[in-house]
Amino acid sequence: MKRSSPTPLIALWLLGSVVGFLLEVTAAASGAPILLPPPSMAATLAVIGIIVVVLAWPIRQATKATIATKGTVKRRVDPFRSMRVAVLAKSSSFSGSLFLGGGLGVLLYVLTRTVVPNLSSLWLAIGTTVGAAILLAGGLVAEHFCTLPPDKPEDERQEEAGGLHA
């Protein structure tokens, strides 16, 4: 599995921003109250981001020990567990990017109104955006933790292929 590239993350962020903003415009145009994220959403997104990093930390320690001891492993990691954590990290980065876009769309709508918004609605949108950013960052950090080092360093591969080339 490859680490997340910026292209899908940016695409999900833009999609979330557009959908979040258009949902608010549609709700206001129909006379319904605007949709605001609940206060628990920001905390939940942030806690999930932190949990993903905590789950990936033992994998990081095992791969770091492998690099430091030049191939000898001090502690084995269950490959199924590490794959589950890697998939969780990837999905966290994708969902964090989507929620970040949605939070920014709501925040953009609230800030562009001519009537001064209620201060609580502004803080709910900011909180959701910050929680989603923590989830995105946690997912990307956990993906990095779950990346295995190459089997052989680049210098050894080149020496086997006929030496280093300047």
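Me: Where is Thr129 placed, and what makes it buried?
Reply: The place of Thr129 is in helix α4; helices (H or I, at least four residues) and strands (E, at least two) are DSSP runs, numbered from the N terminus. Its relative accessible area in this predicted model is 10%. Buried means under 20%, exposed over 50% and partly exposed in between, with a 1.4 Å probe and protein chains only. Thr129 therefore counts as buried.

Me: On what basis are these values given, and how are the residues numbered?
Reply: The model is predicted, and local features need pLDDT of at least 70, side-chain atom pairs count only at pLDDT 80 or more, while totals for chains, interfaces and linings use all residues. Residues are numbered from 1 along each chain as its sequence is written, and side-chain values use heavy atoms, with hydrogens and water left out.

Me: Which residues does Thr129 touch, not counting residues up to four places away in sequence?
Reply: Contact means heavy atoms within 4.5 Å. By that criterion Thr129 touches Leu100, Gly103 and Leu104. Thr129 and Leu100 are 29 residues apart in sequence, and their C-alpha atoms are 5.2 Å apart in space.

Me: What does the side chain of Thr129 reach?
Reply: The side chain of Thr129 reaches the backbone oxygen of Ala125 at 2.8 Å. A polar contact is a pair of N or O atoms within 3.5 Å; within protein, one must be able to donate a hydrogen and the other to accept it, and residues adjacent in sequence count only if both atoms are side-chain atoms.

Me: How do you know whether Thr128 is buried or exposed?
Reply: Thr128, which lies in helix α4, has a relative accessible area of 2% and is therefore buried. Its side chain reaches the backbone oxygen of Leu124 at 3.0 Å. Apart from residues up to four places away in sequence, Thr128 touches Pro37, Met41, Ala42, Leu45 and Gly103.

Me: Why is Gly127 called partly exposed?
Reply: Gly127 is found in helix α4. Its relative accessibility is 22%, so Gly127 counts as partly exposed. From Gly127 to Leu45 the distance is 9.9 Å, C-alpha to C-alpha, and the two are 82 residues apart in sequence.

Me: Why does Val141 have the description partly exposed?
Reply: Val141 is found in helix α4, and its relative accessible area is 34%, so it is partly exposed. Between Val141 and Gly49 there are 9.5 Å in space, C-alpha to C-alpha, and the two are 92 residues apart in sequence.

Me: Why are α3 and α4 called roughly antiparallel?
Reply: Two packed helices are described by the angle between their axes and the distance between the axes. Helix α3 (residues 79-111) and helix α4 (residues 119-145) have axes that come within 7 Å and cross at roughly 160°. That crossing makes α3 roughly antiparallel to α4. Axes are lines fitted to C-alpha atoms, for helices over the stretch in contact, and angles run from 0 to 180 degrees between N-to-C directions. Angles under 35 degrees count as roughly parallel, over 145 as roughly antiparallel, 65 to 115 as roughly perpendicular and the rest as oblique.

Me: What is the handedness of the crossing of α3 and α4, and which classes of residue form the contact?
Reply: The crossing of α3 and α4 is left-handed. A crossing is left-handed if the near helix is turned anticlockwise from the far one by less than a right angle, and right-handed if clockwise. By class, the contact has 17 nonpolar, 10 polar and 2 charged residues. Ala, Val, Leu, Ile, Met, Phe, Trp, Tyr, Cys and Pro count as nonpolar, Asp, Glu, Lys and Arg as charged, and the others, Gly among them, as polar.

Me: What makes Ser97 buried, and which residues is it in contact with?
Reply: Ser97 is found in helix α3, and its relative accessibility is 2%, so Ser97 counts as buried. Leaving aside neighbours within four places in sequence, Ser97 is in contact with Leu9, Leu12, Trp13 and Leu136.

Me: How do α1 and α3 pack?
Reply: Helix α1 (residues 6-29) packs on α3 at an angle of about 35°, with the axes 6 Å apart. Their crossing is right-handed. The contact residues divide into 15 nonpolar, 8 polar and 1 charged.
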